[in-house]
Amino acid sequence: LDLPDTGNPYSVIASIQDFHFGRLASSMEVNDDTDMDIQEKDLFDAVNRILFRIKGFGKPEALYLTVGADFLNSDNPQIKTSLGLTPQDSYPSHTVLQVRGTLLYIKLIDFLRQFFPKIFIIKCDGNHDKVASLSMYLFICAFYRNCSDIITNFEDKNFRSRQYRKYGNSLLMFDHGEVPIKDIPGIILTEARELVGMTNNIIYHSGH
């Protein structure tokens with residue numbers, strides 16, 4: 001895929017929410033057959049569709065890529081969500097889910113490095129994988145610590161549940177959507193007042 005430099009600067013935001021890697025399902029019960037191999041193929045199919053959609057815009061300046069936000073289906077050896085209240089139908093070993101999910105993300109980032117000169121990794125809490133995704137984010141920070149094109153907030157020790165970034169004259173906000181939408185404007189003004197004053201637009205990314 002050739003993304004020529006058109007001289008029109010822009011960046012791509014890939015807020016991957018609610019992928020639920022490792023979920024188990026059968027068409028006998030829920031009209032959907034899936035497993036980890038199928039889910040990996042689905043992820044790369046979706047990413048390739050995005051790449052072909054941006055082809056006409058030319059080469060982007062950067063990619064903003066979330067990690068977490070229920071990328072993993074469960075959070076602990078009990079195969080439950082982060083609060084420990086809701087059992088999940090996941091791959092039967094949390095170790096396998098955690099390791100395969102992390103290695104899949106490394107594979108995804110390595111693939112995307114071909115097309116984006118900079119990739120900003122954004123930690124985004126989920127209600128299914130809050131702890132496991134933090135471990136995944138820390139692994140990614142360590143794995144790419146000597147790579148100038150992979151940018152994290154590890155050095156700032158910013159592990160807050162809501163994340164803010166500035167691109168051009170836009171403020172980007174990332175969270176998982178567990179806060180009522182009516183409360184979001186007040187939260188942004190409280191948590192990112194300085195960035196609000198530096199930008200003209202607010203772009204809010206959520207899932208859940």
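These legends go with several close-up views of one predicted model. Local features here need pLDDT of at least 70 and side-chain atom pairs count only at pLDDT 80 or more, while totals for chains, interfaces and linings use all residues. Residues are numbered from 1 along each chain as its sequence is written, and side-chain values use heavy atoms, with hydrogens and water left out.

View 1. Helices (H or I, at least four residues) and strands (E, at least two) are DSSP runs, numbered from the N terminus. Starting at that end, the elements go β-α-α-β-α-β-α-β-β-β-α-α-β. The C-alpha trace spans about 50 × 40 × 35 Å along its principal axes. Of the 208 residues, 44% are buried; buried means under 20% relative accessible area, exposed over 50%, and partly exposed in between (1.4 Å probe, protein chains only).

**View 2. A salt bridge between R100 and D37.** A salt bridge is a side-chain nitrogen of Lys or Arg within 4 Å of a carboxyl oxygen of Asp or Glu. Here the N to O distance is 3.1 Å. R100 sits in helix 3 (residues 94-112) and D37 in helix 2, so this pair ties together parts that are 63 residues apart in sequence. R100 is partly exposed at 29% relative accessibility, and D37 is exposed at 55%.

View 3. K41 is exposed, with a relative accessible area of 53%, and D45 is partly exposed at 29%.

**View 4. K123 and D125, a buried pair.** What do these two side chains form? They make a salt bridge, with the closest N and O atoms 2.6 Å apart. Both K123 and D125 are buried.

**View 5. F57 in its loop.** F57 is found between helix 2 (36-54) and strand 2 (62-68). Is F57 buried or exposed? F57 is exposed, with a relative accessible area of 52%. Leaving aside residues up to four places away in sequence, F57 touches T6, N8 and Y10 (contact means heavy atoms within 4.5 Å). The C-alpha atoms of F57 and G7 are separated by 9.5 Å, although the two residues are 50 residues apart along the chain.

**View 6. F159 in its loop.** F159 lies between strand 4 (150-151) and strand 5 (163-167). At 33% relative accessibility, F159 counts as partly exposed.
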